[in-house]
Amino acid sequence: MMTSDKNLSTSDSTDNSDSRRDFIKKTLAGTALLSFGGILPGFSPKSYANIVGANEKVRVGVMGVNSRGLALASNYALQPNCQVVSISDVDSRAAQKCIATVEGIQKSKPVNTPDFRKALENKDMDALVIAAPDHWHAPAAILASKAGKHVYLEKPCSHNPNEGELLIEAAKKYKNVIQMGNQRRSWPNVAAAIKEIQNGIIGRTYFAKGWYTNNRASIGVGKETAVPAWLDYDLWQGPAPRTAYKDNLLHYNWHWMWNWGTGEALNNGTHMVDLMRWGLGVEYPTHVTSSGGRFRFQDDWETPDTQVINWNFANNTGMTWEGRSCNGRTIEGSSVGLMFYGEKGSLQIDGGNEYKVYDLDNKLVKHVKNDFVIDPRNKMNPSQGLDAIHIRNFFDGIKNGSAVNAEIVGGHQSTLLCQLGNIAVRTGGMLEIDPKNGHIKNNKAAAKLWKRDYQKGWEPTV
């Protein structure tokens with residue numbers, strides 16, 4: 001059995017070529033104007049490879065490419081001055097599909113490296129993109145940091161609060177960039193809406209509500225069966241305690257099982273909770289309450305399918321999030337979104353790149369629609385283009401050390417709020433929190449869920 005460290009080269013970042021790193025920074029700095037909003041007419045992203053001085057690329061590996069990872073790998077391959085050099089997935093079918101897709105975009109074939117830890121041994125790889133299941137997020141990011149790589153980490157940044165704190169320690173120790181994939185932080189109109197809130201468009205903002213609704217079907221009761229030939233199940237489980245393989249686990253239903261997943265609150269709630277926290281200007285709460293459960297079906301689904309989480313903060317503000325996995329009735333006309341409430345009115349952000357402002361009489365006084373236009377020649381769809389802004393922001397952090405839009409401290413804070421909601425619903429519904437660091441106070445049962453058990457030999461360490 002491979003352990004988390006024994007078979008992995010943990011080369012320090014100083015082992016990488018300093019001259020190559022400097023060249024990347026200079027090259028990226030010189031092509032900063034080629035990011036979205038400033039693309040030169042007549043050029044697609046692949047065209048930039050032919051520009052003099054643009055042949056040195058940021059080289060990335062992608063871990064976990066069945067769904068979101070495939071979209072990310074494609075988007076990275078479309079970026080100027082970026083090359084996807086490695087694809088890692090425990091599902092050989094997903095890996096081959098992604099490799100073919102990326103090769104079709106960038107005209108060079110990434111290496112198939114099923115075990116991402118082997119990919120980290122490549123000293124010419126600059127960053128690891130992590131889109132594996134939640135239980136792998138923090139452990140993989142820590143290993144990548146040890147190996148001297150920058151990290152683009154899908155939300156949530158961790159499976160449990162302790163792992164989030166380990167990530168912050170890792171970023172401080174290894175001085176790498178860790179950008180969380182809460183990409184709405186980089187969407188232009190969403191950022192403008194938050195700026196409007198902070199500038200007082202609805203007066204003092206004191207409450208926010210977020211939501212997510214869907215019509216997910218039952219996952220049934222799984223049967224223990226032989227592990228498919230295309231799957232490395234031991235590596236898929238990684239740091240999680242071992243369980244028998246069941247036929248209803250992969251590729252998505254692990255989200256609803258505590259051993260690997262974090263429920264709808266972190267699967268989709270993290271995005272809106274992050275924006276609410278940003279708009280209210282808060283970090284850690286004083287109190288958290290949550291109610292909910294697995295109400296719709298009786299099956300292997302363990303996390304809540306219906307949940308409401310409430311947070312109170314020391315600056316006399318509060319926020320709430322409602323998740324309904326199995327009833328898609330919309331809220332405010334949208335399946336996903338949030339509303340800020342203030343002394344002079346309200347501001348709504350839906351799941352896209354637009355917002356609406358209402359006065360106290362519910363009159364619509366401002367509507368900023370999505371005005372983000374994609375040049376059809378760059379072969380991106382609008383969603384890819386918006387997410388590409390977040391990716392380019394990640395590159396900007398790499399090239400000149402500037403603050404990224406979704407740095408890991410804030411990523412941990414937003415992830416933690418959702419984790420506290422899950423801990424609350426699992427232990428009686430109410431938590432008292434230290435607003436200085438987010439730690440649970442005076443609750444031994446809840447404090448036990450601050451960390452998780454690991455498979456022996458796979459424990460993450462900074």
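I began with the surface: the chain exposes about 18700 Å², and carbon and sulfur atoms supply 50% of it (Shrake-Rupley method, 1.4 Å probe). A reminder to myself: this is a predicted model, where local features need pLDDT of at least 70, side-chain atom pairs count only at pLDDT 80 or more, and totals for chains, interfaces and linings use all residues. Residues are numbered from 1 along each chain as its sequence is written, and side-chain values use heavy atoms, with hydrogens and water left out.

Next I checked burial: 59% of the 462 residues are buried (under 20% relative accessible area, with exposed over 50% and partly exposed in between; 1.4 Å probe, protein chains only).

For secondary structure I found 13 helices and 16 strands (DSSP runs, H or I of at least four residues and E of at least two, numbered from the N terminus). Six strands form an open sheet in the order β3-β2-β1-β4-β5-β6, with parallel pairing (strands pair if DSSP finds at least two bridges between them). Its edge strands are β3 (111–112) and β6 (178–180). Two bridges join β2 (residues 82–88) to β3, and I saw serine 86 opposite valine 111 there.

Then I turned to the backbone. The peptide bond from lysine 155 to proline 156 is cis, with omega near -10 degrees, and proline 156 lies in the loop between β5 and α6 (161–174).

Lysine 107 has phi near 65 degrees and sits in the loop between α3 (92–106) and β3. Lysine 107 counts as exposed because its relative accessibility is 63%.
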